[in-house]
Amino acid sequence: MRRKGIMMLLICLLTVSLTACLSVEEPAEDAQQENGAEEAAEEENAEETAAGDEEGTVETENTDEQTSGSETGSDILVAYFTYAENAELPDGVDAVASASIQEWNGETTGNTGAVAHMISEETGADLFSIRTVEKYPDNYSDTVDQGQEEQSEEARPELASHIEDISQYDTVFLGYPNWWGDMPMAVYSFLDEYDLSGKTVIPFVTSGGSRFSGTVSAIESAEPDAEVQEGIALSDSETVSAQEDVRAWLTGIGYAE
Ligand SMILES: Cc1cc2nc3c(=O)[nH]c(=O)nc-3n(C[C@H](O)[C@H](O)[C@H](O)COP(=O)(O)O)c2cc1C
């Protein structure tokens, strides 16, 4: 009888300890699963963050580099090349102001860029800055030399900025500085990239005095099915104070009130 009692006690103890063991193991497994899930979630979050960052970067690049027109719904585009937006300019460049670096509405641009902004403000046009992958030297006289080399090589610098949908524009104001009696070669890259057939193209130029040189006929040759109208030529020393002239010119050709 006493032996039977001891056996019962042993069985009870065994059952209790087994249950205890199981109930310890289960949470451990759960914890492992939970940890696994957390890790997976963290990984997923990390991936999402990375993807988000990538998308963010792309979006930023797109916002920075592309003009879609969807914001304004405008059918007019102002595409322009200007040195200051194509060079790695040193900090505080305004303190060492060069003839080709201007501030317009708090943005650093160049002579042609300032005129492009004026045209956009008057007409509600979208703005597109033609930018090259390779930046030009921050030293202006080195840029003058590079511009000449590119011209003699008939270079077509690769562009970093692209227009999402050129078809939405009926009129393209095309602005550039006169470089060695011609357009910067990046403007030819732009004309190679886009078919402006059926559109009105209105070139405008800033220069030290050479004005358009032969650039209007160069554009006509590059875009034979566009209607190219000679626009405005401004001297580099008068661009930032040219708003009234620009408005009067735009009014005269029917693009401003
Ligand atoms: C490479 C290069 C070549 C130039 N060649 C001429 C030229 O042949 N005739 C002229 O009048 N100005 C010339 N310039 C002066 C620019 O046309 C003028 O300063 C222009 O307004 C610069 O415009 P941006 O500030 O928009 O780049 C040249 C400038 C550079 C950088």
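**Notes on the model**

1. Of the 257 residues of the protein chain, 38% count as buried (under 20% relative accessible area; exposed is over 50%, partly exposed in between; 1.4 Å probe, protein chains only). This is a predicted model: local features need pLDDT of at least 70, side-chain atom pairs count only at pLDDT 80 or more, and totals for chains, interfaces and linings use all residues. Residues are numbered from 1 along each chain as its sequence is written, and side-chain values use heavy atoms, without hydrogens and water.

2. The protein chain has six helices and eight strands (DSSP runs, H or I of at least four residues and E of at least two, numbered from the N terminus). Their order from the N terminus is α-β-β-β-α-β-α-β-α-β-α-β-β-α.

3. Among contacts (heavy atoms within 4.5 Å) between residues at least 6 apart in sequence, 81% join residues at least 24 apart.

4. The accessible surface of the protein chain is about 14600 Å² (Shrake-Rupley, 1.4 Å probe; for residues, only the protein chains shown count as cover), and carbon and sulfur atoms hold 49% of this area.

5. Tyr140, Val144 and Trp180 make a nonpolar surface patch of about 280 Å². Tyr140 lies in helix α3 (residues 140-152) and counts as partly exposed because its relative accessibility is 37%.

Conventions:
Patches are made of residues with over 30% relative accessible area and no salt bridge: like charges are joined within 9 Å, nonpolar side chains (Val, Leu, Ile, Met, Phe, Trp, Tyr) within 5 Å. A salt bridge is a side-chain nitrogen of Lys or Arg within 4 Å of a carboxyl oxygen of Asp or Glu.
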